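Visitor: I am new to this structure and would like a close look at one part of it. Please take me through a single residue and its surroundings.

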Amino acid sequence: MATDNEPDNLPVPAESARTYIRIRPTDATLAAATLTAQHRRLHHLLQPPRGWRATPPTLELLLVSSEANTVDYYAGITDPEKHDGLERVLRSLFPDAYEFDRVTCADSWLAAPAHAAGSVATIEYHGRGDHPKDWQTQLTPYETFVADEHGRVPLASVVEALATSETPAVYQVLLRAKPDWTRAARNRVIALEAYQDTVIDQVTNAIMGPPESDVRLPPADETRIEEIQAREAHTTFETAVRVAAFGEGAVQLTETLQSAFVEVGRSTYTIRPRQNTGRRAKAVFSQIEKRAFPTRTLRNRLPIARRTRSTIVADCTEIANFTMLDGNALTDAGVRSVGSTPSEQSPVTRPPAKQLETYQTAGMTLGYPLDEDGTPDSTPIALPPSLQPMHLAWFGKSGSGKTVAIINAILDAVASTEGVNIIVDWKGDGLGEEYCAAHYARYGTLDNVSYFDCARVLPAFSFFDIRDELAAGISRTTAVEDRVDHYIEILTQLMGRERFDQAVRSPDIIRYLTKAAFDPIHGDDAYSHRHLHGMVRRMHERQSAPGVSDPDLERMLGGVVANQTRSFDEIMQGVANRMEKIPVDRRLARIFNHVPADDDDPHFDLLDYLDETHVIIFDMGSLRSDAQRVLTLVVFSNLWTALRRRHRQYREMEAKSDMDLPLVNLFIDEAASVVTSDLLTDLLSQGRSFRCSVTLATQFPGQLKDQDQRVYEEILNNVSTFVTGNVAVDPLLAERLATDDMDATAVGNRLRALRRGQWLVNLPANFNEPEPRPFLVGSVSLPRATPMAHSRSHHASSVRSSVPSPLLTPEHSILRASHLRRRTPRCTATIQLPRWTKRGRWLASRSTASIVRFRTRSDCQPQSNTTPNYMRFGVSGVIAAITRQSRDWSGLSNAVRVLTMSIPTTSPSAS
């Protein structure tokens, strides 16, 4: 059915859309042990949010067949925020060769064949026990069907029936996590052992007395006890399994499917089909459309009917019988219907040793080259600094080893280059902590690492500030235009391009007013977002334009205020609606309203670090998605202006050339959400002239393409180095990596066949040298002293457990939010804090005891709460402190402390 009207190609309003993950099986076999383990993860994903009114998320799995005998396999979830988590679990459930892509369709997309056919027949699969509580006993585990060479997994029978029928149909499974019933299971076992399980047993014991202790339990009760104890009562699913068929053959198809799950039943708990036609069938299909579980009717509540439940209870060893489609277990008709892809195992020829010598050098390490037998070379390859400005794209799904590989690449980039390495981490899954641990294990210090947990510590950027550009000799027009463009782009990211451009005039007026605020006569070289918003409000209230010295800008503003009052109100309201997206978020408001008044005010500028061997980590994992995008663009904006200022300074030094510039490396983890940024496009297209290398890391290339097809194509053209693991096939990427020996289809098959820790690498070459053909490399392990080298989960727990105190003691030195090139003596305060030279580098915070004011004077002391407003940009701060004498991981673990800082209850006033 889905193939007739490709759901992902339909124009669907966002408010009425559903997102599914379409799964394409291969002939790889599903591992029963893996399914059991990953279904436990799935159970955790489906846990309801806190709150007694919270609605638990529902997982939906679909097999949708069409008249053309094709069957599509979909998975979706009712909570949109859990789509990424669901995809990660699915990619872990299925073999690496399975393909995944996201499709969007209308809520009513399943109803199309029902309306066309006019008739519908349904089947409901119910759980029936010999006793009302026998739902606690076992079904047949999935592994039993896999181990039986003469058996067939139950879902393969469903696919076979759908594939051989010309009747459109939908097979649906709804799953939700069942609350832990361990206590009920324990009580049931006690009741069975005491002959108190049924009402008759209880009455008999009351009249006749309990049986003698040596009386053996009935075999059925012994089986019940064994099965209840064998079940995982804390990780079970409540499942609704249904089929709807449409048209003339609907009744015949549903009759064929009645026996599909007969073998899943066991001794006292079985699966009973119920076929429906007419009104009842339409009611069931309505529930299928709405992703609704069956409701309990009065009939279901009667004691005589309580043995049959409209839902099925299955644990992690059983649920795969209803949900998992094993491509290797399908019949020929089933294989044709689902379009499974055969695994590709052909070897990839490694480049000649002479050609590899260029890359067996210091640089950004990529891995060990693998030969035709999969044996790694003893010498790893690296991307040398001379080729890094041609940029790198790194694709690898969750669990592929991408994080370990990128950390290794950054560690070696620090050693091989003199410039700063900037990491923008969107996931917040411990990359920053893991890198710090690896950096310490490699270099024995964290003095040149700055870590911003942006939910707690904000870099003190001054966004509406062109003073540094003007001081560097950049023309005022260029500096203003850049700042205006960056601001418009940020607002576009906040609202979405389509919504932002709906009011045609509003973006233009925002651009006019932002320029007007920078007017050399009537404006300022630096101002806050609050000031800009005030200009908008005054222009709206007075219907008069602000003063400007540019006659063209004055004429354009005059044309705006010349509109009739009603039209003018609508235009200005559109302007306000867009600009007010910034102050709604408290963190964003503080950054955009921060304007350092003098050199004593805190101010963070990446220019101060571009020429230093330094690592700056921006951890944005705890922020909302909107705040993540905006803060990332603010970092890009500051980096762009810093690179241009540095480039101009070097151009003015006649003895220097562009190649003398220290290399700046920007690593963006999970880069899909900012791929449409013009700032990122500028960094990619002009980064080489600025000696800036950009590494884009994401789970699979489709994430970039889903954002913007045009931008994705530009990225493929601007990026020269590709490192990709097992990812879903993307035609453009496959064509980009194709050669005479390996066409696009073969590339796609190869990508699907890669194992975890294997990467297909495509490298650039030096000028006038041939590029090596794509080849395979194996991952490099992290330094042994790093806990992550043994277990990432162990490392994460050890970091958290190593924070024993909320206060920083004076004998510890501070891993600051940033470092200065020149050091000055520390100020004496209630807690030991670093002295700053000209500018502090993070927004000053108010501690629980006092506000510490950062000064360059020797009499730096704690200030009272009367500290001037320009110093009261309070934010939650966590600053890791380490003992510099600690040289091993255990010493580092014991030395880490947390300095907590509170958020002021009142908003800071403008400087």
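In which helix is Glu489 found?

Guide: Glu489 belongs to helix α18, which covers residues 476-495; helices here are DSSP runs (H or I, at least four residues), numbered from the N terminus. This is a predicted model, in which local features need pLDDT of at least 70 and side-chain atom pairs pLDDT 80 or more, while totals for chains, interfaces and linings use all residues. Residues are numbered from 1 along each chain as its sequence is written, and side-chain values use heavy atoms, without hydrogens or water.

Let's start with Glu489 itself. Glu489 counts as buried because its relative accessibility is 7%, and buried means under 20% relative accessible area with a 1.4 Å probe, protein chains only. The Glu489 side chain reaches the backbone nitrogen of Leu679 at 3.3 Å. Setting aside neighbours within four places in sequence, Glu489 is in contact (heavy atoms within 4.5 Å) with Leu633, Thr676, Ser677, Asp678 and Leu679.

Two of those partners, Leu633 and Leu679, turn up again where helix α26 meets helix α27. Leu633, Phe636, Ser637, Leu639, Trp640 and Leu643 make that contact from the α26 side, and Leu679, Leu680, Asp682, Leu683 and Gln686 from the α27 side. The axes of α26 and α27 (residues 678-686) come within 9 Å and cross at roughly 35°; these axes are lines fitted to C-alpha atoms over the stretch in contact, with angles from 0 to 180 degrees between N-to-C directions.

On α23, the buried residues are Phe568, Ile571, Met572, Gly574, Val575, Ala576, Arg578 and Met579.

Now for the wider setting. As for Phe618, its contacts beyond four places in sequence include Ile422, Phe452, Pro459, Phe604 and Val635.

Conventions. Helix = DSSP H or I, 4+ residues; strand = E, 2+ residues; numbered from the N terminus. Buried < 20%, exposed > 50% of the residue type's maximum accessible area, 1.4 Å probe, protein only. Polar contact = N/O pair within 3.5 Å; in protein donor to acceptor, adjacent residues only side chain to side chain.
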